Amino acid sequence: MAVVDVARRTLLHTEAPGAGSLPTRLALDEAGQRVWVGLDGAAEVLALDTTRGRSTARVAVGQGLHTLVAAEGSPWLFVGNAGSDSVSLVDRATLRRVADVPVGRTPV
């Protein structure tokens with residue numbers, strides 16, 4: 001993955017997503033200071049600091065395709081894990097998974 005400052009047209013940072021991982025879905029925190037990246041094919045999501053252009057954390061979640069929701073006003077990042085039939089709740093302040101909720105087949 002590459003983090004690019006499009007206004008200045010400069011490359012800020014590159015990040016190897018890991019073997020077998022495919023970064024596909026993004027969610028922007030409401031303050032615009034963090035972007036979450038779903039790493040499909042891996043059981044984790046990546047947090048990128050938009051002010052520094054650097055990754056700040058990799059958070060373990062369930063398996064499968066990851067659907068991300070960073071709802072305004074909520075302290076949680078909701079991560080749908082299609083392969084695990086669950087939703088992981090990630091505390092956006094501490095960058096830690098706090099729960100996995102079984103939800104049935106293929107949450108989106």
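1. With which residue does Arg92 form a salt bridge, and how far apart are the closest N and O atoms? The partner is Asp29, and the closest N and O atoms are 3.1 Å apart. Arg92 sits in the loop between β9 and β10 and Asp29 in the loop between β3 and β4, so this pair ties together parts that are 63 residues apart in sequence. The model is a predicted one, and the distances quoted in this note should be read with that in mind.

2. Both ends of that pair are covered. Arg92 has a relative accessibility of 7% and counts as buried. Asp29, at 10%, counts as buried as well.

3. Glu30 lies in the loop between β3 and β4 and Arg92 in the loop between β9 and β10, so the pair ties together parts that are 62 residues apart in sequence. Glu30 has 49% relative accessibility and counts as partly exposed; the cut-off for exposed is over 50%.

4. These contacts belong to a network. Salt bridges link Asp29, Glu30, Arg34 and Arg92. For the model as a whole, the count of salt bridges comes to 9. One of the others joins Arg52 to Asp49, with the closest N and O atoms 3.2 Å apart. Asp49 counts as buried, at 15% relative accessibility.

5. On the overall fold: how many helices and strands does the protein chain have? There are 0 helices and 10 strands, and the pattern along the sequence is β-β-β-β-β-β-β-β-β-β. The radius of gyration is 14 Å, close to the 13 Å given by the globule rule for 108 residues, so the chain is as compact as a globular protein of that length. Along the principal axes, the C-alpha atoms fill a box of roughly 45 × 35 × 20 Å.

6. Some totals for the protein chain follow. Of its 108 residues, 41% are buried. The accessible surface is about 6,100 Å², and carbon and sulfur atoms account for 54% of that surface. Among contacts with a separation of 6 or more, 27% are between residues 24 or more positions apart.

7. Neighbours within four places in sequence aside, Asp40 is in contact with Gly20, Ser21, Leu22, Thr24, Arg25, Gly64, Leu65 and His66.

8. Ser21, one of the residues that Asp40 contacts, is placed in the loop between β2 and β3 (22-28). Ser21 counts as buried, at 12% relative accessibility. Apart from neighbours within four places in sequence, the contacts of Ser21 are Leu39, Asp40 and Ala42.

9. On the surface there is a nonpolar patch formed by Val4, Val6 and Leu11. Together these residues have about 310 Å² of accessible area. Leu11 belongs to strand β2 (residues 10-14). Its relative accessible area is 56%, so Leu11 is exposed, given the cut-off of over 50%.

10. Leu95 is found in the loop between β9 (86-91) and β10 (96-102), and is buried, with a relative accessible area of 18%. The cut-off for buried is under 20%.

11. The other angle is at Thr106. Phi of Thr106 is near 45°, again a positive value in a residue other than glycine. Thr106 lies in the segment after β10. At 44% relative accessibility, Thr106 counts as partly exposed.

Conventions: Residues are numbered from 1 along each chain as its sequence is written. This is a predicted model: local features need pLDDT of at least 70, side-chain atom pairs count only at pLDDT 80 or more; totals for chains, interfaces and linings use all residues. Side-chain values use heavy atoms; hydrogens and water are left out. Patches are made of residues with over 30% relative accessible area and no salt bridge: like charges are joined within 9 Å, nonpolar side chains (Val, Leu, Ile, Met, Phe, Trp, Tyr) within 5 Å. Accessible areas come from the Shrake-Rupley method with a 1.4 Å probe; for residues, only the protein chains shown count as cover. A salt bridge is a side-chain nitrogen of Lys or Arg within 4 Å of a carboxyl oxygen of Asp or Glu. Helices (H or I, at least four residues) and strands (E, at least two) are DSSP runs, numbered from the N terminus. Buried means under 20% relative accessible area, exposed over 50%, partly exposed in between (1.4 Å probe, protein chains only). Contact means heavy atoms within 4.5 Å. The radius of gyration is taken over C-alpha atoms; the globule rule is 2.2 Å times the number of residues to the power 0.38.
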